[in-house]
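Thanks for coming. I'd like to walk you through one chain, from its overall build down to single residues. Here it is.

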Amino acid sequence: MINIKKFTFNAYQENTYVLYDETGACVIIDPGMYESYEQNELVAFIKENNLTPTALLNTHCHLDHVFGNKFVFDQWGLKPQFHRGEMKILQAIPSYAPGMGFRYDMGPDPDVFLEEGDQVKFGESALEVLLAPGHSPAHICFYAKQENFLIGGDVLFYGSIGRTDLPGGNHEQLLQSVREKLFTLPVDCEVHPGHGKSTFIGFEKENNPFF
């Protein structure tokens with residue numbers, strides 16, 4: 001059984017997730033820690049619960065979702081895993097972050113790239129990789145089939161969808177991703193997004209104004 005811990009970090013109010021099971025193994029998804037107190041909050045939770053981080057996962061590589069990548073590597077030796085199509089998004093950050101008032105230290109590049117249909121395993125648990133581009137060129141989501149929840153990044157929000165006005169964004173592609181990849185999941189699948197509160201696939205199919 002996978003447990004979910006959500007943190008909300010940085011100026012963009014980004015949701016960082018730690019997923020863990022009874023073995024104590026955990027994965028860190030979209031580490032958004034920017035300030036040292038945010039880093040300390042994550043470390044304290046992992047230590048207090050006797051967790052062992054085994055993977056660092058990124059749904060996509062916009063600044064607010066990767067602020068903590070280097071910290072996670074320095075702390076636990078984990079290189080990020082994301083879709084190869086996000087590399088150019090990650091590599092662009094140092095050129096624009098200072099102009100937005102942020103420092104950004106590039107961590108190491110991935111050794112492992114994730115593809116549609118891959119499984120990320122930790123402890124006795126598994127997450128399925130869904131490719132859902134549109135908000136960014138190669139955005140992925142992580143579906144826990146047994147527990148029936150989705151770590152959705154910036155694809156689908158409560159009553160909304162991810163913005164598509166950033167480099168690599170495509171509005172029609174995003175709508176297609178939601179229809180074909182997310183709305184085909186069970187209606188009672190809970191979606192844990194990259195910003196804001198969680199929602200359910202069935203609720204969004206019925207009520208989301210974009211569909």
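First, a word on terms: helices here are DSSP runs of H or I with at least four residues, strands are runs of E with at least two, and both are numbered from the N terminus. Counted that way, the chain has six helices and 13 strands. Keep in mind that this is a predicted model.

Overall build, then. The C-alpha atoms fill a box of roughly 45 × 40 × 30 Å along the principal axes. How does the radius of gyration of the chain sit with that of a compact globule? For 211 residues, a compact globule would come near 17 Å, and the chain has 16 Å, so the two agree. Buried residues make up 54% of the chain. Now take the contacts with a separation of 6 or more. Of these, 63% join residues 24 or more positions apart.

On to strand 3, residues 25-29. Five of its five residues are buried. A25, V27 and I29 point one way from the strand, C26 and I28 point the other way, and all are buried. Which strands does strand 3 pair with? With strand 2 the pairing is antiparallel, over four bridges. Y17 has I29 as its bridge partner there. With strand 4, residues 52-57, the pairing is parallel, over five bridges.

Strands 2 and 3 form a hairpin with four residues between the strands. Look at G24 in that hairpin: its phi is positive, near 95°.

Strand 2 covers residues 14-20, and Y20 belongs to it. Is Y20 buried or exposed? Its relative accessibility is 17%, and the cut-off for buried is under 20%, so Y20 counts as buried. What does Y20 touch, beyond its neighbours within four places in sequence? The contacts are M1, I2, N3, K5, A25, C26, F45, L51 and F122. N69 is another matter: Y20 and N69 are 49 residues apart in sequence and 19 Å apart in space, C-alpha to C-alpha.

L150 stands opposite V191 of strand 12.

Next, backbone angles. Most residues other than glycine have a negative phi. Which residues go against that here? One is D30, with a positive phi near 55°. D30 sits in the loop between strand 3 and helix 1. D30 is buried, at 2% relative accessible area. Another is N148, with a positive phi of about 60°. N148 lies in the loop between strand 8 and strand 9. At 15% relative accessibility, N148 counts as buried.

Helix 4 next, residues 87-96. M87, I89, L90 and I93 are buried in this helix. Residues three or four places apart in an α-helix point the same way, because there are 3.6 residues a turn. Helix 2 is part of what covers the buried residues of helix 4.

Those two helices come back in the pockets. The largest pocket has a volume of about 380 Å³. Its lining counts 16 residues, with H62, L63, D64, R163 and L166 nearest the centre. Helix 2, residues 63-66, and helix 4 each supply at least two of the lining residues. Helix 4 has the largest share, with three. What is the lining made of, by class? Nine nonpolar, four polar and three charged residues.

The second largest pocket holds about 190 Å³ of space. Among its lining residues are M33, Y34, F67, K70, D74, R103 and D105. Helix 3, residues 69-76, gives the largest share, three residues. By class, this lining has five nonpolar, two polar and four charged residues.

That's my tour. Questions, please.

Note on methods:
Residues numbered from 1 in each chain as written. Predicted model: local features only at pLDDT ≥ 70, side-chain atom pairs only at ≥ 80, totals over all residues. Heavy atoms only, no water. 1 Å grid on protein atoms, 1.4 Å probe; cavity = no way out; pocket = protein on both sides within 12 Å on 5 of 7 lines; lining within 4 Å. Points joined across faces, edges and corners; volume = space filled by probe spheres on them. Nonpolar A, V, L, I, M, F, W, Y, C, P; charged D, E, K, R; others polar. Pairing = 2+ DSSP bridges. Rg over C-alpha atoms; globule rule 2.2 N^0.38 Å. Buried < 20%, exposed > 50% of the residue type's maximum accessible area, 1.4 Å probe, protein only. Contact = heavy atoms within 4.5 Å.
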